[in-house]
Amino acid sequence: METLWFIILVVMLATYIVLDGYDFGAGIVHFLVANNEAERKAVTNAIGPFWDANEVWLIAAGGVLFFAFPTLYASSFSGFYLPLMLVLWLLIFRAVGLELRGQVHNRLWERLWDRAFGMASLLLALFFGAALGNVVRGVNLGVVENGVAQQEAPYFFLPLWNPTFDPLAEHQGIIDWFTLVLGLVSVITLTIHGANWIILKSNSTINRRLRPLIFKLNGVLLFLVLLSAALWYYVKPIAFTNLEEHFWLWIFPIIGLTGLIGQFNIKRFKRDGTGFVCSSLFIVGSFGTTAASMYPVLLPSTNSVSPSLTIYNASANEYGLTVGLVWFIIAAVLVIVYFIIQFRVFKGKLDELDYGGH
Amino acid sequence: MEDMILYHRLQFAFTITFHYLFPQLTMGLSLMIVYFKWISIRTKNEHYNDAAKFWMKIFALNFAMGVVTGIPMEFQFGTNWAKFSALTGGIVGQTLAMEGMFSFFLESSFLGMFIFGEKLLGQKLHFVTGVMVFLGSWASGYLIIATHSWMQHPVGYEILENGTFVLTNFSALFKNPWLLPSYLHNQAGSLITSSFFVSAVGAFYVLSNRQKHFGQIFLKAGVIFGCIASVVVAFPTGDLAAKNVVNYQPATFAAMEGIFETEDGGAEIVLIGQPDMVNKKLDNKIAVPNILSFLTYQRWDAQIKGLNEFDEHQHPTNIPGLYFAYHIMAGLGTVFIAIMLVAAFLLFRKKLYDSNWMLWILMFMIPFPYIANTAGWYTAELGRQPWLVYNLMRMTSGVSPTVSSGNTLFTLLGFVGLYLMLGLLFLLLVLKIIRRGPEPLLTP
């Protein structure tokens, strides 16, 4: 039962990254690539009707985490207090930027919220990557110093960085050179992903420039992925035991690599959606690889005093998980129905939609 | 330690108070928009369709504010109240996760279609998307109040040796006697905010002699909905909610009503008076004898327990705060009934649109339903203190152990600044939408 909820949680988070990920990527493209009003409008039209429903996946995944693994929710949310608050504030700026820019027709007003939307998207992509890095690297659960726990077992607190930016230091920070590399992986991945979504959803002039850009960024991404795999092995040498023991788990890295390598053909794709499929495969594959190699650990402990949080010691009781599954299945079916309806109503290119002009 | 808990409490109180300014309008307004849309389809009156579209703009803005200020609420259970989350997450997490899965997906998917899809969908399907948005927002309220009810009156749980609350009976969460009265009371309160808002905008248009036709449509709908909601919020829903407090939290009830001593021969209802916590009495009290006994037990001489009957550590933490919150809510509620009954009478006699004095009153009522709803929530929350889970878990044992006072003050100040900015932007844009009105072409 715990394993089932682990899988549900991973699927929900992966869905969130694939869906809201293109919103962040579109935000980055909007900020750094789009260079006139028509192009910016094409970008906001492409994500306008979707971003809000996409963000719900984060809220829903948070809710599931809360009730299925309450101890993990409490420990990680209080321990990662500062980055989570920054994420909340950035989500506010992202939403406000998107929703308010069209409300007043004034060039300064529009540029102000364009920048808020763009910068917030960029920083969110960076923070989510760094967050993944923190979970992979593990934290000092129970704040152990000289072999003595200063706090109750599952609790900890990390400042934004420590002076050395060293992931192996006793006093860790959220941002160190390892989590920063994963943050960059996330920014590049989502930029490619967002660019692919814009190509799929618009006929803007920007599409012609996006294809070569995706090709170049994909080269950078390939390099960063190899680098981060090596760093990962250095920071957490046991990370690959699951993959060594269970051969079928290699499906995840293979899916990820298929997407990554396939993306290099971006200039030859006939259909506008193929690039988006490739970047989605890469996201699902790499996130799946991470989850598969961590299982059953949810948050590793970096000391030998406090045990890591696993799906067994952090979960709710059996009855709660079972009864939760019943309503969850009903709700999940409904959600799929809503999404099908939504994608059918807003199918095709959205250049004509007057997003934000209401 | 004291500072740390204070900042955690202030941050939650500030962010939830600000957040609930938005859902209280959207929940009621979604019902009124569905009503406008329904009338437009039934009567083929295009004005009602324009009215629905106009309120949709205000709804969308409020909804966006509600979403962005709502996500921090869910996160703060974990970030600021980690121990509470760890110990009760298997139960409160259940209803909160259901809210995400059942209502947020419903609302957010169909809202996009309702805003952008009128041409793509046709009138009838467009109406259906509106109904879906309404259902989503009311389901969200239901699941939040289910969570709230469990904290006020815990049911269906078992406490393990390590203090963890585990769920033993899922359906008990929804059969909780606290749930239905609180939910209906809250939804009626939400409908009061939206109907006063709609009638105030209507009064503004009629008084300023522009968009008069829409002004009259808004006034009519606002007064009809407002009249029903103002009565329902007091009776039966407010009455039933109060009886729950009498039964399950008698010390809280005594503090709300300002009863320091049990009185023989029936309890009086206090209208005015300031609690003096040192001498345990009310200053310059105005009260009507025996009414409270009658309202509570339908007997003039029924006994109601005063605070003297309860141990000090069972008393609510902030008795004056609780007393004022309750009296502000109940006092304003009475004013709402009076105004809406008179307005409905004028509407029935077809004199409302020419009664300038009443239109001025309706226009200036805009802030008061917000105050009453907020005061109502403060009554419920202050009434539960010092407990997080009534009688079982104290507020002080729920806080995050590792988040220091400095870090909490930092984020509290951040929220204050950010929300001030959001509030100003919101006011600016709402006023802009109202100024433009439903018929942009006719305004200069």
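Helix α4 of chain B (residues 82-116) contains 35 residues, yet its end C-alpha atoms are only 40 Å apart, short of the 51 Å that a straight helix would reach at 1.5 Å a residue. The expected span is taken as 1.5 Å times one less than the number of residues in the helix. Helices here are DSSP runs of H or I with at least four residues, strands are runs of E with at least two, and both are numbered from the N terminus. This is a predicted model, in which local features need pLDDT of at least 70 and side-chain atom pairs count only at pLDDT 80 or more, while totals for chains, interfaces and linings use all residues. Residues are numbered from 1 along each chain as its sequence is written, chains are lettered from A in the order in which they are written, and side-chain values use heavy atoms, with hydrogens and water left out.

**The bent helix of chain B**

A kink of about 90° is centred on Gly89(B) in α4(B). The bend at a residue is the angle between axes fitted to the seven residues ending there and the seven starting there. Of the 35 residues of α4(B), 30 are buried, so this helix is largely enclosed by the rest of the structure. Buried means under 20% relative accessible area, exposed means over 50%, and partly exposed lies in between, with a 1.4 Å probe and protein chains only.

**The interface of chains A and B**

The contact takes 66 residues from chain A and 68 residues from chain B; contact means heavy atoms within 4.5 Å. About 5,900 Å² is buried between the two chains, and carbon and sulfur atoms give 79% of this area. Buried area is the accessible area (1.4 Å probe) that two parts lose on being put together, summed over both.

Between chain A and chain B there are 12 residue pairs in polar contact, both residues being at pLDDT 80 or more. A polar contact is a pair of N or O atoms within 3.5 Å; within protein, one must be able to donate a hydrogen and the other to accept it, and residues adjacent in sequence count only if both atoms are side-chain atoms. On the side of chain A that touches chain B, the elements giving two or more residues are α3 (51-68), α4 (70-79), α5 (81-100), α6 (107-137) and α12 (318-345) of chain A. Of the elements on this side, α12(A) gives the most, with 16 residues.

**Salt bridges**

Over all chains, the whole structure holds 18 salt bridges, and 1 salt bridge is found across the interface of chain A and chain B. A salt bridge is a side-chain nitrogen of Lys or Arg within 4 Å of a carboxyl oxygen of Asp or Glu.

| Salt bridge | N to O distance |
|---|---|
| Asp20(A) and Arg94(A) | 3.0 Å |
| Arg101(A) and Glu37(A) | 3.4 Å |
| Glu152(A) and Lys83(B) | 2.4 Å |

Asp20(A) lies in helix α1 (residues 2-32) of chain A and Arg94(A) in helix α5 of chain A, so the pair ties together parts that are 74 residues apart in sequence. Asp20(A) is buried at 0% relative accessibility, and Arg94(A) is likewise buried, at 0%.

Arg101(A), in the loop between α5 and α6 of chain A, and Glu37(A), in helix α2 (residues 37-47) of chain A, are 64 residues apart. Arg101(A) is buried at 6% relative accessibility, whereas Glu37(A) is partly exposed at 33%. A network of salt bridges links Glu37(A), Arg40(A), Arg101(A), Arg111(A) and Asp114(A).

Glu152(A) forms a salt bridge with Lys83(B). Glu152(A) lies in the loop between β2 (148-149) and α7 (177-201) of chain A and Lys83(B) in helix α4 of chain B, so the pair joins two chains. Glu152(A) is partly exposed, with a relative accessible area of 43%, and Lys83(B) is partly exposed at 23%.

**Two buried residues of chain B**

Thr164(B) is placed in the loop between β1 (157-159) and β2 (165-167) of chain B and is buried at 18% relative accessibility. Its side chain makes a polar contact of 2.7 Å with that of Asn162(B). Not counting residues up to four places away in sequence, Thr164(B) touches Ala86(B), Leu87(B), Glu158(B) and Ile159(B).

Val430(B) belongs to helix α15 (residues 405-436) of chain B and is buried at 6% relative accessibility. Leaving aside neighbours within four places in sequence, Val430(B) is in contact with Leu61(B) and Phe197(B). Val430(B) and Phe59(B) are 371 residues apart in sequence, with a C-alpha to C-alpha distance of 9.9 Å.
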